[in-house]
Amino acid sequence: MNINELKSALQEAGVVGAGGAGFPTYAKLSEDADTVLLNAAECEPLTKVDRQLLIQNVREILGGMQLLVETLGANEGIIAVKKSYTASIDAISACIGEYQKLRIHILPDVYPAGDEVVLIYEATGRVVPQGKIPIVVGCVVVNVETALNVYRKVFEQKNVTTKFVTVAGLVRQPLTAEVPVGVTVADMIALAGGTTDDDYAIIMGGPMTGRIVTESELVTKTTKAILVLPPSCPPVAKRRMTTKFNIRNAMSVCSQCSMCTSLCPRHLLGGAIQPHEFMRALANGLTSGDSVNTYLNSFFCVSCGLCEMYSCHQSLSPRSLLDQYKGGLRQAGVKPPERPMKPVDPMREERKVPEHRLVHRLGLAPFDVPAPLSRHTDFESVTLSLRQSIGAPCVPCVKKGEQVSAGQLIGQPPEGALGVCLHASISGTVTDVTDQAIMIRS
Ligand code: SF4
Ligand code: SF4
């Protein structure tokens, strides 16, 4: 198989980054890559998908990686996994010798080791320039589940119809489940035995970077976790603060201690983002010596959330404010500026944030329990969003009343647009087609 054949196969199969961002995988592949990295850091607290897949499906995942390395003509594939995932490391070590060009790299147990720029630096020593993508330093990064989906398409001719999701927090039986794409959050909570409390909020996607959702929200190809959490815990309470409240807080209590900048993972790698300067400018306006770059540098924040969930001793919200600000800049048509990188901070090693301390700071330690992996197919209905990834939404190619079988094509991206195909995740009747989604009842 050559690279163009692989790209077509992955676009047809609907393979996208399963770790959260959802970039179509075919569009990442390039013969300029000399290194393919498997991102097995899984650094969002409570999420337990990738480490378990690397035990139960290790040969398929390494097979997918080997295929990517060979097809791209890369020199090596690196399986980057955290030190504490000992069972995953054992499973990988037991068979990695069978795969030429693959090697394992042990990551420290820090947050955000899974940020792909941090991951590339940890595993290869290369720094991706700010505002650029990994291929400019010869790297392609894929998620564990994505590598599994590559294998399933190429060696088993299976399209992407399922998703692995951890359900944790205030539920009776925390679990990690493989489910059809398009089930609801309510379905997932029912799988976990229901909630243990009536007073809760639901975060989809992880406590650091996820968002608050309702029970009717749909599982998509990028959903990694559904967390049922007490309203008082920091990941929920922070998200419920308004922008007005956050700005007032910044004006009244930001001490300019600069801890948010000192621990910012992108700043430590030489990036221009300095959240404490942004907070000062937001609270006081630009003063002499400041420049408009303080605002423009918000483009180089990757919204990891460390500054507001961990670093700030005043419980301020730099990330939320930076998100608002850069969203406004984009809407106004402002483009990210070109900025040279500075050298990596010599204090970087000492300033990494241990994951276990982050979990305690977030009030999540009681919920950090096993969430065993199982597979579930018995769902009466699914609603498949036409927008499952970055790029153009799919155009439906089925009509209401049609019978479809699991794995059948039901939507395609517009000709020439960035995007991947969509397939029925259960067999049944198409009960509705809207400009947002396709509903199927078994
Ligand atoms: S850590 Fe908090 S108090 Fe310190 S500069 Fe940053 S926002 Fe201000
Ligand atoms: S969210 Fe905060 S810590 Fe993370 S990259 Fe942005 S400024 Fe840095």
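Begin by selecting α14 (306-311) and α15 (318-331), each of which supplies at least two residues of the shell around ligand 2, where helices (H or I, at least four residues) and strands (E, at least two) are DSSP runs numbered from the N terminus. Around ligand 2 there are 13 residues, the closest being Cys264, Cys301, Cys304, Gly305 and Cys307; a residue is counted as near a molecule or strand if one of its heavy atoms lies within 4 Å of it. Coloured by class, this shell divides into ten nonpolar, two polar and one charged residue, with Ala, Val, Leu, Ile, Met, Phe, Trp, Tyr, Cys and Pro counted as nonpolar, Asp, Glu, Lys and Arg as charged, and the others, Gly among them, as polar.

This is a predicted model, in which local features need pLDDT of at least 70 and side-chain atom pairs count only at pLDDT 80 or more, while totals for chains, interfaces and linings use all residues. Residues are numbered from 1 along each chain as its sequence is written, chains are lettered from A and ligands numbered from 1 in the order in which they are written, and side-chain values use heavy atoms, with hydrogens and water left out.

Next, select ligand 1, around which lie Cys254, Ser255, Gln256, Cys257, Ser258, Cys260, His276, Met279, Cys312, His313, Gln314 and Leu316. The shell around ligand 1 consists of six nonpolar and six polar residues, with no charged ones.

From His276 and Met279, move along helix α12 (residues 275-284), whose buried residues are Pro275, His276, Phe278, Met279, Ala281 and Ala283; buried means under 20% relative accessible area, exposed over 50%, and partly exposed in between (1.4 Å probe, protein chains only). Those buried residues of α12 pack against α9 (243-253), α10 (259-262), α13 (293-296) and α15, contact meaning heavy atoms within 4.5 Å. After α12 comes Gly285, with a positive phi near 80 degrees.

Now turn to helix α4 (residues 86-95) and show its buried residues, Ser88, Ile89, Ala91, Ile92 and Cys95. They lie on the same side of α4 because they cover an arc of only 165 degrees around the axis, the arc being that of the directions from the helix axis to the C-beta atoms. The face turned away from this buried side carries the exposed residues Asp90 and Ala94, whereas the buried residues of α4 pack against α2 (50-56), α3 (58-72), β2 (76-82) and β3 (102-107).

For the sheet, select β14, β16 and β17, which form an open sheet of three strands in the order β14-β16-β17, with antiparallel pairing. Its edge strands, each pairing on one side only, are β14 (395-396) and β17 (422-423). Two strands pair if DSSP finds at least two bridges between them, and β14 and strand β16 (residues 409-412) pair over two bridges. Pro396 has Gly411 in β16 as its bridge partner.

Which members of the largest nonpolar core touch the most others? They are Met188, Ile410 and Ile440, out of 56 residues; a nonpolar core is a set of buried Ala, Val, Leu, Ile, Met, Phe, Trp, Tyr and Cys residues joined through side-chain atoms within 4.5 Å. Strand β10 (residues 225-229) gives the most to this core, with five residues. Apart from it lies another core, of 44 residues, including Leu72, Ala74, Val142 and Leu148.

Finish at Val236 in helix α8 (residues 234-239), a buried residue with a relative accessible area of 0%.
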